Structure formats: C-alpha cells, structure tokens
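Welcome, and please open your viewer.

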Amino acid sequence: MKKSLAISLSTLAGAGSLFAVSPVLNGTYPAGGQRGTELEVEFRGQRLEDFQQVLFYSPGFEVTKVNSTNANSVKTLIKVAPTVLPGEHQMRVRTASGISELRTFYVSPFTQVMEVDKPANDTRETAQKITANVTVNGTVSREDEDWFALEAKKGQRISLEVEGIRLGRDLFDPIITITKADGSKVAAADDTALLLQDPALTVIAPEDGTYYIHIQEAPYERNRDAMYRLHVGNFPRPLAVYPAGGKAGEKLAVKFIGDASGDFTQEVTLPGAKDPKFPALALQNGLNAPSPNWLRVSDFPNVLESEPNNERATASGTAQEAPLAMNGIIEKNGDQDWFRFTGKKGQVWEINVYALGIRSPLDAVLNVYDKDSRSLANNDDSGSADSYLRFTVPADGEFFVRVTDHLGRGGPNFVYRAEIAPVEQTLSYSIPEVNRDDSQGRQSMVVPRGGRFMTMMSIKRNNFGGDVVFDPKDLPPGVKVDVDNIPGNLTSVPVVFEAAPDAAVGSTFVDLQGRLIEKDKDGKQTDRTIPGGLDQKLNLVLGRPNNTIYYSTYADKLVVSVAEEAPFKIDIIEPKVPLVREGSMQLKIVATRKAGFDDPITIYMPFRPPGMGADSSATIAKGSNSVTYTINANGGAETKVWRFPVLASATVKGAPLWTSSQMAKLEIGMPMVGLKFDLATAELGQDSKVVCKLEQKLPFEGKAKLKLMGLPNKVTTVDIEITKDMSEAVFPIKVDAQSPVGMHRNLYCSLIIEKDGEPITHNFGARGSLRIAAPEKKVAEAAAPAKTAAVTPAAKK
C-alpha cells in the first residue's frame with residue numbers, strides 16, 4: 001500500500017449526537033470510474049444517514065460534494081486524480097457512529113459507458129454499439145447475456161478485460177467471446193492466471209467489419225444481478241511480465257508477454273524499498289492496460305536464465321554468491337530450468353519460488369542439488385501453492401537449483417522468480433475472525449468518545465521468538481492504546497483502545513509495528529524494531545461448496561475511528577484476591593448507563609490467560625447495572641498477574657453496538673491449601689465421617705469454610721471451618737437406610753478463604769471415595785439358603 005489518504009466531508013454531511021453503531025456498506029454504484037475525471041458515486045448499505053467520510057487506502061481520491069444522504073444511500077461526487085493507478089483500490093465509509101466494512105473501487109484509464117438494457121442487449125441483433133477504449137459498467141442476471149458491437153479494421157488489436165469476481169460483490173464467473181458478423185468465433189476466454197476467475201484476451205482483427213463481444217456467466221446459475229466492468233479497446237493486455245522482479249532503486253527493463261500484437265519491452269523504475277507486489281503497468285502507443293502485472297522488488301541482484309538451461313551441465317548463472325534472485329520461464333511442457341550458485345559451509349538460506357503469488361500459472365517444484373547431482377533439499381507446496389525451503393550449505397562449493405512444474409506443464413507466461421535470501425526476522429499482525437466465515441466483523445477499531453473498544457491481536461513471529469512490544473503509530477488525537485508486552489509463549493493478546501470524552505470524531509490509518517525485547521551483555525533491556533506490520537486478509541467472495549473463498553484482498557493498515565459516545569460504559573471491578581489454581585471466582589462487571597438506556601448488555605471474555613476458563617458469556621439484565629462472570633483456573637494455569645478486558649454488546653438502532661471494559665488486573669496464584677481424601681466407609685442407617693488430609697501451603701488469617709459435595713443420595717453432612725494450623729478436616733455424615741450401597745467416587749470439596757473482604761475459592765475435584773455397605777446382619781440373611789416347606793402325607797395324596 002502507498003501512503004493512505006482519508007477524504008473528509010464532515011462540513012458537508014454533519015450529524016447529531018448518535019450512539020456508536022457501525023454502518024453497513026454493500027458497495028458503490030458504479031463499481032469504478034475513470035482516472036482524471038469526476039463522477040457521481042452512490043454508496044449503498046444501511047445506517048448511512050450520519051455519513052461523514054470516505055476512507056480510501058491510497059491517495060488520489062477527493063469527495064467534492066455530497067448530493068444526498070439517507071439510511072440506505074449516500075450520493076457523492078468523487079474526483080479521481082490522473083495519477084491514480086488503474087485497478088483495485090480499497091475504501092470504507094465512516095459515519096458519526098462507526099466504520100463500514102472494506103469494499104473495493106476500480107479505476108480505469110478509459111471513458112466510462114453504462115450498459116443500455118432498454119432496448120435489451122441480450123442478443124447479437126440488439127447488441128449495444130460501443131467505441132474502442134471504453135469501460136462498460138454492466139450487470140447480468142440469471143441466464144442473461146450481454147452483447148456489444150465494435151467496429152475494427154483489419155490488423156487492428158482488439159483487447160478485452162473483465163472485472164467480475166474481482167469486484168468483490170458476487171460469485172460471478174464471466175466468459176467473454178468475440179465473433180464476427182457471420183457468427184463465427186474469433187476468440188474466447190474464461191479464467192486467467194493473471195486475473196483469477198476473470199477473463200482477458202487480445203486478438204488481431206482478421207478483416208474490416210463489426211465484431212460482437214458477448215459476456216455471460218459460465219455456470220448459468222445466477223439468481224440475482226451481478227455487476228461487471230468490461231474494458232474494450234486497442235490497449236495492450238499482456239498476461240505476464242519478465243523478469244518477475246528486480247533490485248530496489250534500479251531501473252528494470254521488462255518484457256511484457258502474451259499480447260496478440262507480440263511481446264514488447266518497457267523500462268520500469270523500481271521503488272527504493274522492498275515491495276512484494278509492485279505494479280508494472282503496460283503502456284503501448286499511448287494506451288495503458290486496464291490493470292497491472294506484478295513484480296517483486298528485493299534487495300539483491302537478478303540472475304536471468306540463459307537457454308538452454310534444462311539440465312545441470314548447462315545451468316544458468318555464474319559463480320555469484322547468494323543472496324540473489326533467479327528468473328526464468330518454463331516455456332513448454334516438460335521444460336525444466338537449472339541455475340547455479342556458490343555457497344559456504346554453514347550458511348543458511350531461504351529459497352522461495354514465486355509464481356502463483358505473482359499471478360503466473362506455474363505450480364512450481366523446487367530442488368537443490370550439489371555438484372555430484374545428489375539431492376540436498378526439495379519442496380512442492382509449502383503453506384501456499386508456491387515452493388519454499390530452508391537450505392543449510394553443507395560445504396563450500398557450487399550448488400544447483402532446479403525449477404519445474406508439478407504437472408509438467410509450460411507456456412510463454414509460466415514466469416517465476418526464485419529468491420535465495422538470508423533468513424530474515426519479520427513479524428505480522430492480524431485480527432482473528434470473530435465469527436466463522438466473517439473476515440470483516442469488528443476488524444476496524446470503533447472507539448466511542450469517553451469509552452473503549454477492544455480487539456484480540458494475533459502476532460506471527462517469523463524466524464525469531466521472545467517478548468514483543470506492540471507499537472501502533474499515528475493514533476487519532478485523544479486516543480490511547482493499552483496493551484501489555486506480548487509474551488513469547490502467546491500468539492494472541494487483547495488490545496484496548498480508549499478515546500477521551502472530548503476526542504474529535506474521525507478516523508486515521510494506523511501502522512502497526514513491533515519491537516523485540518532483548519538484553520545487552522550487561523543485562524540492560526533494549527528494544528529492536530522487527531520489520532512487518534498488519535497483514536489482514538479480507539475474504540470478499542465466498543460460495544459453494546462450504547463457503548469456499550474465491551476472492552480476497554489484504555489490508556496493511558488498521559483503521560482506528562472515534563465515534564459518538566455509547567449509551568453505556570463497562571468496567572471490571574478488579575478483584576483484590578487471586579484466582580488460584582483449581583479455583584474459581586465470580587468476577588463482577590458493572591455498567592454505567594446513560595439516561596433512557598436500560599436494555600440488556602451481553603458480556604464476553606475473548607482473552608483468557610493460559611489455563612483459565614470462563615463462561616461463554618454473561619448478561620447484565622434489562623434495567624440492571626451489574627453481573628458476575630464465572631471464571632476458573634486449572635492446575636496448570638500460568639501463575640502471574642495478568643491484565644485483560646471484557647467485551648460488551650447491546651442492541652442499539654437495531655444493530656449490535658460493541659464496547660469494552662478497561663484492562664483489569666487479575667492474579668493467578670498457587671492454592672493456599674492442598675487437600676486429599678482418605679477412603680471413607682459407612683453402613684446403611686449409621687453415622688460415619690469423611691476425613692480429609694490438609695496441606696497448608698500459604699498461611700491465611702482466621703477461619704475458612706470447607707464444604708463437602710458429591711455425596712450419594714440420602715447422605716448428608718454439614719459445612720465445617722478450618723484454620724491455617726489444621727492438618728486434618730473431618731466431616732460428620734449421616735447415611736440413610738435407603739442410601740445406595742456400593743463405592744461412590746465423586747466426592748469433592750470447595751474451600752472459601754476470606755481475604756480483604758473477598759473470597760478465594762479453592763475447588764478440590766472429584767477425588768474422594770465413600771463405600772456404603774449393608775449391615776452385617778442383613779448381609780448374612782441375604783447369604784443364607786432359602787427354607788423349603790415340608791411336604792405332608794396329605795399333601796402327597
């Protein structure tokens with residue numbers, strides 16, 4: 001992402017005092033526009049009446065006017081600068097009460113044309129006439145077909161590209177076809193590696209005349225309208241670029257491949273810093289492609305393949321040492337490319353083959369060999385469809401890399417880039433999904449004025465371990481963040497954002513950085529910045545089967561927004577006593593309500609320290625101001641002072657409003673007393689006792705209440721008190737004559753120690769046994785043989 005830009009229209013679209021409930025943005029209409037122009041864009045969704053701002057993640061967009069607003073629509077004028085890159089741009093809508101989902105807006109270098117469906121353009125005979133170098137904004141419905149007519153001269157290039165599934169609206173899988181006036185097919189395209197499930201093609205017109213462009217959905221399963229943008233013209237539309245990257249800060253001569261007019265070269269100026277996805281926009285005869293090809297920008301030099309290099313003896317390269325980037329094309333079926341490099345014993349290199357990641361059709365297989373053709377390492381897919389391996393150089397010398405396709409395929413656009421790079425320490429942050437198949441729920445930080453908002457923040461440490469300082473940059477004025485250092489044994493921690501009561505309503509893009517906590521040789525703590533940031537995957541299109549992900553986009557900045565105040569505030573009453581291992585606690589949560597708001601508030605605990613459990617939720621009832629939340633700790637819970645918030649939700653304006661408590665302290669401690677059961681025995685109808693051996697671990701003041709539970713039916717006891725000086729506790733029990741006979745193994749105890757006016761609850765699980773026996777007399781009677789009645793002579797007769 002380039003530097004982010006927020007376009008504010010607070011003065012054009014003001015709002016009154018509203019509670020912080022986020023809007024819903026379904027999309028924009030149209031789905032894109034032409035750069036260097038001003039156009040009307042309608043934002044459609046829900047809860048848009050207090051619209052204030054459009055947040056574009058990239059510069060060059062300006063909202064110049066708001067024509068109208070209501071709950072479901074905002075109509076604006078947007079100016080798109082001539083310098084804006086054609087293709088996808090991310091944006092959100094901000095209202096006074098929240099932030100919408102991320103949606104995309106597509107920019108074209110061409111004049112915009114709207115599909116005309118009156119009269120319908122669903123046959124070749126009624127095709128809509130268009131000129132070259134336009135972008136058609138259209139829709140198709142179930143079993144719909146759209147036709148367009150274009151005049152072309154013999155030898156003229158005709159290029160098509162469709163933005164369908166990439167618009168992020170629907171599972172729309174388009175097919176495009178070009179036919180001549182007599183109905184004969186010139187060319188057709190479905191999916192492309194460069195554009196995923198969207199098609200593109202270029203042809204050279206075989207004769208003067210009218211050419212008909214046909215677009216339809218591949219599976220013919222549409223049950224609602226789907227939007228598309230069809231680029232038609234004489235522009236270049238290469239399907240690959242070679243080499244697939246270069247060294248940062250240099251000018252790179254690239255060859256664009258796959259255009260019907262032939263391959264052509266162009267010079268690209270690379271940025272001064274690394275970039276895993278740098279746009280290379282093809283330009284020919286004054287016309288740009290509608291969207292870019294992609295390059296990788298690295299810190300090390302290129303090595304280009306030199307054919308023939310399909311065996312080890314003719315491997316490309318020289319005695320150059322790594323790091324370096326090897327670039328090639330698997331040009332035909334069965335092709336394989338070999339490269340050589342030198343290494344020194346003990347060096348550790350990461351070798352990544354980038355192909356599908358830069359929109360090449362190659363499914364790469366990677367092998368490393370020594371000079372004697374011995375295989376040292378290999379990989380097919382490693383966490384993605386591209387290949388990766390870590391290679392430790394076994395000895396000084398020359399080594400060989402081989403790249404092939406998994407299925408033995410090849411072609412002119414099977415481009416790849418294999419980077420041999422040192423092991424690099426990086427980190428990345430992401431916000432975990434809060435609901436299944438919902439990658440956008442609570443992904444923006446909407447902080448009510450005078451209130452708080454929390455999220456779980458996941459961290460991925462690449463090639464390092466240890467504690468990390470979470471370091472967000474450029475927070476909105478009046479907003480602060482509360483988060484503990486991220487322990488090395490955790491990959492997800494809670495983060496609380498809090499806005500001052502007088503913080504200005506607005507939004508900013510926040511860079512998330514991290515610093516590794518280290519100690520120098522003198523034991524003094526030092527922090528070292530680790531490269532990385534937010535890497536948030538947002539799934540825009542899902543579908544059959546099982547919500548398969550068909551199209552995603554990635555955000556590299558976190559949106560933090562200050563919204564109007566919430567109608568309630570949540571706080572945790574910090575316990576004065578610890579939660580002990582094998583213990584439980586009733587954590588008190590209180591709500592401060594604004595006048596007029598008394599609806600239920602649901603409380604959740606997204607973060608639980610290792611070994612701590614909790615109820616799934618608790619509810620502050622309508623009109624109530626507090627609730628207790630049951631938490632517990634198992635025998636292996638990590639003992640330390642933890643800090644954590646709770647999350648709260650209530651229905652406001654017909655939608656969930658989310659806020660959170662402060663970060664509250666909770667100590668998880670060792671139990672103060674240990675307890676073991678002696679085997680207890682009893683007879684039916686008799687009094688007996690259950691004896692527990694006590695292990696005094698930490699002293700306590702006064703008396704503690706010990707409760708015996710899990711007794712069988714019709715066996716009773718009473719609670720007893722113990723002190724820190726006792727080594728044994730004895731429960732008197734009464735066994736009813738009707739109690740069940742046998743061994744009962746479910747006895748357990750609860751111990752409550754009062755400290756500072758609060759209970760410390762210990763739970764001693766189902767560890768005790770009680771054997772109940774019948775009295776000996778009854779046992780003897782049950783064992784005696786049954787008497788048989790005597791038979792008299794009269795009876796015999």
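Which strands each supply at least two residues of the lining of the second largest cavity? Select strand E47 (536–543) and strand E49 (558–563), which both do so; strands (E, at least two residues) are DSSP runs, numbered from the N terminus. A cavity is a set of points on a 1 Å grid over the protein atoms alone where a 1.4 Å probe fits but cannot get out, and its lining residues have an atom within 4 Å of a point.

Residues are numbered from 1 along each chain as its sequence is written. This is a predicted model, where local features need pLDDT of at least 70 and side-chain atom pairs count only at pLDDT 80 or more, while totals for chains, interfaces and linings use all residues.

Next, go to the largest cavity, of about 70 Å³. Select Trp294, Arg359 and Asn413, which are among the residues that line the largest cavity. Strand E21 (240–242) and strand E28 (293–298) are the elements giving two or more residues to this lining.

Last stop: show the open sheet of 4 strands, ordered E2-E4-E7-E6 with antiparallel pairing; two strands pair if DSSP finds at least two bridges between them. Strand E2 (24–29) and strand E6 (61–70) are at the edges with a single partner strand each, so one side of each has no neighbour in the sheet. Zoom in on strand E4 (residues 37–46) and strand E7 (residues 73–80), an antiparallel pair with 8 bridges. Finally, pick Glu42, whose bridge partner in E7 is Lys75.

Definitions and conventions: Heavy atoms only, no water. 1 Å grid on protein atoms, 1.4 Å probe; cavity = no way out; pocket = protein on both sides within 12 Å on 5 of 7 lines; lining within 4 Å. Points joined across faces, edges and corners; volume = space filled by probe spheres on them.
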